[in-house]
Amino acid sequence: MDVLALNTDAGHRLLARYHRTQNSSDLDQSINHFECASDLCPMDHPCCPAALFNLATANFLSCQAEGRHLDLDIPINLFQEALDLRPSDHPDRTRPATSMLQLSPNQLALRAERCLQRDEPRALDEVISLHYDALGYYNSEHACRGQLLGILAVMLITRFERRGNEEDLDQAIALQSEVLALCPVGHTDRSISLHNLTTQLSCHFEHRGKDEDLDQAITLQMEALALFPVGHADRSKSLNNLAIELSSRFEHRGNYEDLNQAIALDMEALALRPVGHADRSMSLNNLAIRLSTCFEYRGNVEELDQAIALQTEALALRPVGHTERSKSLNNLANQLSFRFERRGNVEDLDQAITLDREALGLCPVGHADWSKSLGSLANRLSSHFEHRGNDEDLNQAIILNKEALALLPVGHTDWSMSSNNLATQLSTRFEHRGNNEDLNQAIALNREALASRLVSHTDWSMSLNNLANQLSSRFQHRGNDKDLDQAIALHREALALRPVDHADRSKSLSNLANQLSIRFLHRGNREDLDESRENLCCALTLLTQHDPRQLIVLESLADVHLSFHRSGLDSTGAGEDTDSLNVAMHHLNAAANVVSAGLLSHLRASLRWVRHARQHSHDTELEAHATSMQLLDAYMSTTASILSRHNIMKDFPSTLAVDAASCALRSGDVCRAVELLEQGRTIIWTQMTRLRTPLDSLQTCDDRAAALIKKFRDLSSLLDKPSVNDREATPRVNVEAEETRYRCLVKDWNGTVEEICKIEGFSHFLLPPLFSDLQDAAHDGPIIVLITSELSCDAIIIPHKQPPTKIPLPTNLEKLQTLAARLQHRSTPALTTALTELWDEVVRLVVENLGGFARPGSQIWWCPMSVFNFLPLHAAGQYWKDGQFLSQFYISSYTPLLIVLIKARRHNRSLSVSFAAIGQDHPAGASHTLECVEPELELVRSLLPPPPTVSFTKITSVDATKSRALCALQENTWLHFLCHGTQNFDEPFNSAFLMRDRPLSLLDITQIQMDLSQHQFAFLSACETAVGDFKTPDEVIHLAAGLQFVGVKSVVGTLWTVDDDTVQCLVEAFYKNFCGDGKMNSKRAARALHKAVQSLACDKDMSLEQRIVFVHIGI
């Protein structure tokens, strides 16, 4: 007999004796012999499978005998190796290795527990198979059968949650029902079995929506609660479970008794879980959710506040790392979002977005709550879009909601809500962009959502409402009457489901009223308009004083009363019903003042008020304009970056300030017109300079004033810091965090300004200046403000002490726009014709009225508005022999604002003159070299007074970089730039001086943090430095104006491209007149430029466009 056979036989004899005697040494020796036998069999030996099987059996018995359950992997792996070596047609090949072991219930339980801790699909299938095998040898009478059934049910539920196979869920319920049958009344484990079966029935309901599952779950949970009397350790858990099931039934059937009972149960459970209890956070969370649900359907804000307080406490008990933190984050975000919708506090919305983003970050892809977290963040971003108008928010919301919906199978209890949310956002995008595909998809999704909900579902009315809104949108864009009629029918059905105490009844009343009003406009049925007005009045009475939804209802009421006014239904004829018109304007005024609706919403409401008041020549038009300008300023101030503010300006009427002033002029109030222009013009520059307001006059006040000064300066410094301009390269979450931080700073800054205004003598601090203050701008000569709107065209002469004079001009906006367009073609014949027309229709009338305010040859200042910004007023005249020219009568300067002139004259002139000449002959990307740079800068040096009067610095060639030029600009109070210049018409703040490495942009100049109020003068010998932006003309965005706004008192700039020869001739003539006598005074710049231009007039080789290209801005 060979060695293999001897070892095998010895192992079997010892194993047989172990079964008789239970002597562990026999078992150990048996394992040793089987190991030797196995070692003697290579993998291709015919006896290898048998040797492995023998060794596996002995090892398995050893694990059982010594209770080494964690070592079971050793015999299982040996069994698997043996099976793998069997021929493919061997019957054992179809069996898993574990099926060869008759595991004990404890061993099975241990393997199940290990499997639940890891997501290994093969291991899960194996454990489930083991349990099914075990049920075969632990029959119905075995004491452990109930345990096996229960564990198998749990494993099947786990596999269902991970893979979604509903057969597993059905089988789990069947097994758990068998477990319950094995635990009759009085059995110690009956309560546990009741709870487990309830959980599985509830899960079944969530995925299939069968009411009988939920009813049975509640019945079982009530029985379980009865098994835990007051004082029982597990009563709080049972109270909590029953509350969850009742709340779920309320959400699907709308029976308030279920919700009330759920709240009572949650309150009892919370009382049983005091501070320090391990499950207190769960009870806090559940009660908060229930109170929040109660608020949704009853509208009691106190319940919502209580819910937020509870959820905040729950979140504090679930720190980073807690398994339930993401749920608490989502729930608190939901409740803050609800409160934002009712009160309009944007801080609630910002906090909700932050919480949602953290929650999403805690849910890995594939997590059970991933879809819910995606949808929650999507809804918050959609609200943020409605409040702030940022398209990125809406696009991201749609992307997130599509991802969330894709994760939910049709029939899932969250599917209809997710579908509805996506439909709403697609509909919103359609309203803003007009893509028909968005609207079609929204309607299809809402129809599916409606079909998936039972009529008794608490959100049935919401689905009806949303589908109705989208059908109405389709009617307005395609004109199919059936869509409108169906929308009205759906709104009526939704209203019937929202009784008087329902939180959304006012919304249903308003929506139905809007559709009836639309139908009146198309069919003229008075009953529709009457019902619409009645519904809106009812809706308004249901809203509290601070409810932001008032704005929508008030706007709708205004529309209805305007319809009455236009139709004449309440009077003798169309357009004669002044009562209805007055009521409409009253409602528009009220809508524009619903603060809780958010700045963007009531800014838009105020602009509607402006439009309707102007259309009907109503006496509230001026008030509407003033309100809109104030709100636009406030809305712009909450945006951190200058570029963002400029982009925002493009979304609103660029003529708001001039239209307001025109309205004031038509009413005869010239002073008010000037105030409105000053308030509503150059908003971007004004907001920047506010943050740099000196507070020297407050220094002598008390300690409280000193503290306010410090706070104002600190906050202003934080707000004035350059923001992130490359939003696309910055993570979205960082952009949102920065926006939130900035808005909080703005809120604190506004509060500080209000406190400063309470100090005696500072009641008008940073408020729009009064005309009496603005007149100081005319201290050295009159200012001529030029205004044009669709209704009128006027000039206003502002003298220093006398009342202003209004001069109606014999032109209009269309003619002026045509004139500005003609001036873009700068051939001499075209220019002379255009400049003559400018003289005849604008400038001549001003000159004729200036006699009493300015002596001939003195300096006057032009303050042009709108299209006047692009007209060379200083060059107007009759371009023929013996013709009259403005330059024969006065020296022209320009100013973007009156207050800028006042500030420029406020500081004394510095005795020292530090003069920097910055020239760049070959900037980055340039196609040719500016040959004139060195000669011109040397010419400037030669014409300036010598040291010590002037300290001269020249920066040229490779030294003239962006950073070096910026430093020179800050360190020197007198400047001369000679380089390529460019006006960027798409992004005017990117207009720039071109330096050797990178452009020195207007944006760079605005972000200079130091005080430049001592800077005296800048000569900009570069192209296009005083052009401006055609889209937002009254923001005056160009390099020359930018230098003046940051503090430079006097600036010479150019209206268009300038020739090298022109520059050299003019520079020489300018500096000879400017400082030829050895004195440096920035107030002499306008006269010096005037004389220099006149001296070039006799140069027949110089074109007209080059003679008039330079302009003076400032004092």
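Modeller: Contact means heavy atoms within 4.5 Å. Helices (H or I, at least four residues) and strands (E, at least two) are DSSP runs, numbered from the N terminus. This is a predicted model, in which local features need pLDDT of at least 70 and side-chain atom pairs count only at pLDDT 80 or more, whereas totals for chains, interfaces and linings use all residues. Residues are numbered from 1 along each chain as its sequence is written, and side-chain values use heavy atoms, with hydrogens and water left out.

Biologist: Which residues of α26 meet α27?

Modeller: Met585, Leu588, Asn589 and Ala591 in α26 are in contact with His602, Ala605, Arg608, Trp609, His612 and Ala613 in α27. By class, the contact of α26 with α27 holds six nonpolar residues, three polar and one charged. Here Ala, Val, Leu, Ile, Met, Phe, Trp, Tyr, Cys and Pro count as nonpolar, Asp, Glu, Lys and Arg as charged, and the others, Gly among them, as polar.

Biologist: Why is α26 called roughly antiparallel to α27?

Modeller: Helix α26 (residues 578-591) and helix α27 (residues 599-615) pack at an angle of about 155 degrees, with axes 8 Å apart. Axes are lines fitted to C-alpha atoms, for helices over the stretch in contact, and angles run from 0 to 180 degrees between N-to-C directions. Angles under 35 degrees count as roughly parallel, over 145 as roughly antiparallel, 65 to 115 as roughly perpendicular and the rest as oblique. The pair α26 and α27 is therefore roughly antiparallel. Their crossing is left-handed, a term used if the near helix is turned anticlockwise from the far one by less than a right angle (right-handed if clockwise).

Biologist: How do you know whether Leu554 is buried or exposed?

Modeller: Buried means under 20% relative accessible area, exposed over 50%, and partly exposed in between (1.4 Å probe, protein chains only). Leu554 has a relative accessible area of 7%, so Leu554 is buried. Leu554 is found in helix α25 (residues 550-567). Leaving aside neighbours within four places in sequence, Leu554 is in contact with Leu540, His587, Ala590, Ala591 and Val594.

Biologist: Why does Ser957 count as partly exposed?

Modeller: The relative accessibility of Ser957 is 28%, so Ser957 counts as partly exposed. Ser957 lies in the loop between β7 and α41 (962-971) and has a positive phi of about 55 degrees although it is not a glycine.

Biologist: What is the peptide bond that joins Pro947 and Pro948?

Modeller: Pro947 and Pro948 are joined by a cis peptide bond, with omega at about 5 degrees. Pro948 is found in the loop between α40 (933-943) and β7 (950-955).

Biologist: Which residues have the most contacts inside the largest nonpolar core?

Modeller: A nonpolar core is a set of buried Ala, Val, Leu, Ile, Met, Phe, Trp, Tyr and Cys residues joined through side-chain atoms within 4.5 Å. The largest has 160 residues, and Phe1070 and Tyr1071 have the most contacts inside it. Helix α37 (residues 828-849) supplies the largest share of this core, ten residues.
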